Amino acid sequence: MLKPSLSGKVSEVFSSIQGEGLYTGARQLFVRFYGCNLDCVFCDTPQSSYEKYTPGELFDVISRFEKNYHSISLTGGEPLLQKDFLKEVLKLIKEDATKTYLETNGILHKELEEVIDYIDIIAMDFKLPTSGKHEEYWKEHKRFLELAIKKEVFIKCIVCLSTHDDDIQRVMQLIKESGRDIPLIIQPNTFELSKRLIDKAKSYQDTLFHAVSDVRIIPQVHKYLAVH
């Protein structure tokens, strides 16, 4: 039974177009969860404030928006850090027959296992250690992907000038081990956009074609369009 005291931290709820990944250009309703378990150097969503909601209160906010969107993007931060709250919100959304789209750093596989039944699409990052300047999460990504392939999933990798070829080889290895031809998005770091970085991304695209048939280079389109 749902505890009356269950609540979650949400930074904002807004309607806009998806600016990253396989669904770039699609209209979505974004629910940005507060808090993250990583501190990537290229992070562009610093969070300084939040509102507390019960699952029902958040669903009421969601329900006030015109239903002219493809899906509800549960983003962050990292939504899976609040998996109990997230699960109850997902249940309410699914009762409303709305598609759910989880944006995640692809590390918290135990938490994913508890909510995956209520998710339709998973936008999973591979956090390359030489891109984000953090520790390696290959084991976590492997386990997360083993679960995520039960649903529609695509992978996103942010490529920086600092990215090492070894990280790309590990990406290719994990995808091959999954046994699935999973779409892969190479996202050049917006803060370092240059011909040199694009050439590097194109080189990695050529390499990754050995693992998957659909490898795309897609920048953060919403930054070009100057939309939220």
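1. Tyr101 counts as buried because its relative accessibility is 0%. Buried here means under 20% relative accessible area; exposed means over 50%, and partly exposed lies in between (1.4 Å probe, protein chains only). Tyr101 sits in strand E5, residues 100-104. Strands (E, at least two residues) and helices (H or I, at least four) are DSSP runs, numbered from the N terminus.

2. A note on the basis. This is a predicted model: local features need pLDDT of at least 70, side-chain atom pairs count only at pLDDT 80 or more, and totals for chains, interfaces and linings use all residues. Residues are numbered from 1 along each chain as its sequence is written, and side-chain values use heavy atoms, with hydrogens and water left out.

3. The structure holds five aromatic pairs. Rings of Phe, Tyr and Trp (its six-membered ring) pair if their centres lie within 6.5 Å; planes under 30 degrees apart are stacked, over 60 edge-to-face, and the rest tilted. Tyr23 and Tyr101 make an edge-to-face pair, at 5.9 Å centre to centre and 85 degrees between the planes. Tyr23 belongs to the loop between strand E1 (8-17) and strand E2 (27-33), so this pair links distant parts of the chain, 78 residues apart. Both Tyr23 and Tyr101 are buried.

4. Tyr101 also pairs with Phe154. That pair is tilted: 6.4 Å centre to centre, 50 degrees between the planes. Phe154 lies in strand E7 (residues 152-159) and Tyr101 in strand E5, so the pair ties together parts that are 53 residues apart in sequence. Phe154 is buried, at 2% relative accessible area. Tyr23, Tyr101 and Phe154 form one aromatic cluster.

5. Lys156 touches Glu20, Met124, Asp125, Phe126, Ile185 and Gln187, leaving aside residues up to four places away in sequence. Contact means heavy atoms within 4.5 Å. Ile158 is also placed in strand E7. Ile158 is buried, with a relative accessible area of 11%.

6. Now the cores. A nonpolar core is a set of buried Ala, Val, Leu, Ile, Met, Phe, Trp, Tyr and Cys residues joined through side-chain atoms within 4.5 Å. The largest has 57 residues, and Leu112 and Phe126 have the most contacts inside it. A second, separate core of eight residues includes Tyr23, Ala123, Ile185 and Ile218. In soluble globular proteins, nonpolar side chains tend to be buried together.
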